[in-house]
Amino acid sequence: MTVHPRGGHEKIHNDLGQIRCIKPICCCTWKCLKEIVPTLVKISQYKPDIQTLCPHCNAKNETLEHLLVTCTYSSSIWLQINVNVFNIQAQHTSVTEWIISWFIPVQNINSEEINNWLITLMSTAWQIWKNKCDKIFRNKTPNRWNTISDIKWLIKQSTTDFHQDKQCLSKQSSWSPPLHAQLKINLDASFDNETNFFGIDLIARDSTVTSRGIRGRYFNGGLDLEQTECLAIKEALVWAKEMQYGSLLLESDCQNVVTSINDAIPHVHWMNRGIVNETKQHLSTRIGTTINYVRRSDNKIAHIIANRARIIGASFDILDDIPLI
Ligand SMILES: [Zn+2]
């Protein structure tokens with residue numbers, strides 16, 4: 001395999017900036033590429049008394065190659081994701097060479113397929129790294145089923161975002177006002193994966209497109225974007241109760257959460273099923289309240305204000321009628 005260290009790395013850096021996936025996953029890929037992941041062997045260069053045996057297999061020293069490719073634990077995870085790492089081992093391909101190969105363009109494959117494949121590889125590498133950290137710092141032995149489930153969920157989230165972004169870019173907003181005597185609340189959440197801070201935004205409008213208020217909420221300690229979208233719905237129900245509107249239509253652009261609330265089968269991560277069930281229960285007691293999925297392009301204002309609440313780090317209520325574009 002031919003490796004172009006400088007140009008290759010710069011191009012990959014740019015490509016990583018374009019990929020729609022959470023920052024820690026991109027950072028992990030970059031650190032693996034640059035071989036700056038703090039593996040136990042690397043740490044032992046500065047702290048010679050440290051134990052360097054791999055915490056998963058206890059058979060080999062934890063180098064980057066072992067952690068990511070040759071460890072029996074890592075290989076088993078890759079195989080479950082349909083990535084045959086035994087070829088990488090047989091060809092003695094270094095981790096850097098392997099990661100560079102992820103970004104080499106392949107002819108006759110469209111951008112969505114390339115994006116999905118990259119997300120799969122990057123999410124798996126990140127999850128393997130996370131498992132090792134859990135084992136060392138929390139003494140938590142990884143459960144393969146949960147790990148595979150987490151990887152598949154990450155892939156689903158990132159690929160759905162990619163699809164929705166494409167839709168959003170190609171379509172104009174077609175938001176429509178609610179029916180007479182009905183209140184429509186568009187809601188959204190914005191989550192920072194690095195700090196776990198998140199913002200929630202609700203905009204209430206009536207059939208005359210008059211704003212009945214905007215509520216921004218700022219919190220710390222979110223689990224993930226999906227959980228914060230669930231919390232936005234919960235907040236909308238509390239707010240609607242305060243406003244005493246009989247007929248209520250909620251609109252969210254988080255398709256898997258909305259589908260989970262309206263369907264018998266859950267489509268959310270197992271960690272968020274409790275809050276979805278709680279919302280379903282709440283909705284079943286509120287006659288005249290429905291929740292629909294809308295495209296991101298039809299939920300733009302909620303999205304912008306949720307981001308604002310998170311970035312300024314403040315909660316607010318605006319009850320005046322304000323013009324909404
Ligand atoms: Zn190992």
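Biologist: Two strands pair if DSSP finds at least two bridges between them. How many bridges join E3 to E6?

Modeller: Three bridges join E3 to E6, and the two strands run antiparallel. Arg215 has Asp317 in E6 as its bridge partner. Before going further, note that this is a predicted model, in which local features need pLDDT of at least 70, side-chain atom pairs count only at pLDDT 80 or more, and totals for chains, interfaces and linings use all residues. Residues are numbered from 1 along each chain as its sequence is written.

Biologist: How many helices and strands does the protein chain have?

Modeller: Helices (H or I, at least four residues) and strands (E, at least two) are DSSP runs, numbered from the N terminus. The protein chain has 13 helices and six strands.

Biologist: In what order do the six strands stand in the sheet?

Modeller: The sheet is open, with mixed pairing, and its order is E5-E4-E1-E2-E3-E6. E5 and E6 (316-318) are the edge strands, each with a single partner strand, so one side of each has no neighbour in the sheet. From one strand to the next, the twist averages 15°. Angles here run from 0 to 180 degrees between N-to-C directions, and axes are lines fitted to C-alpha atoms, for helices over the stretch in contact.

Biologist: Which strands pair in the parallel sense with E4?

Modeller: Strand E1 (residues 182-191) pairs in the parallel sense with strand E4 (residues 247-252) over six bridges. E4 also pairs in the parallel sense with strand E5 (residues 289-293), over five bridges.

Biologist: Where do antiparallel pairs occur around E2?

Modeller: E1 and strand E2 (residues 198-205) run antiparallel and are joined by eight bridges. Asp188 has Asp201 as its bridge partner in E2. On the pairing with strand E3 (residues 211-219), E2 is again antiparallel, over eight bridges, and Ala204 stands opposite Gly213 in E3. E2 and E3 form a hairpin with five residues between them, and Val209 in the turn has a positive phi of about 65°.

Biologist: Is Asn82 buried or exposed?

Modeller: A residue is buried if 20 or more other C-beta atoms, placed from the backbone, lie within 10 Å of its own, exposed if 12 or fewer, and partly exposed in between. Asn82 counts as exposed because it has 7 C-beta neighbours inside 10 Å. Ala181, with 11 such neighbours, also counts as exposed. Glu194, in the loop between E1 and E2, has 9 and therefore counts as exposed. Glu194 is 170 residues from Pro24 in sequence, yet their C-alpha atoms are 7.2 Å apart in space. Over the protein chain, buried residues make up 34% of the 325 residues.

Biologist: At what angle do helices H11 and H12 pack?

Modeller: Angles under 35 degrees count as roughly parallel, over 145 as roughly antiparallel, 65 to 115 as roughly perpendicular and the rest as oblique. Helix H11 (residues 255-262) and helix H12 (residues 273-284) pack at about 55°, with axes 9 Å apart, and are therefore oblique to each other.

Biologist: Which residues of H11 meet H12?

Modeller: Residues are in contact if their C-beta atoms, placed from the backbone, lie within 7 Å. Val257, Ser260 and Ile261 in H11 meet Val276, Thr279, Lys280 and Leu283 in H12.

Biologist: How does H10 pack against H12?

Modeller: Helix H10 (residues 225-243) and H12 pack at about 20°, with their axes 10 Å apart. That angle makes H10 roughly parallel to H12. Gln227, Cys230, Ile233, Lys234 and Leu237 in H10 meet Ile275, Val276, Thr279 and His282 in H12.

How values were computed: Contact = placed C-beta atoms within 7 Å.
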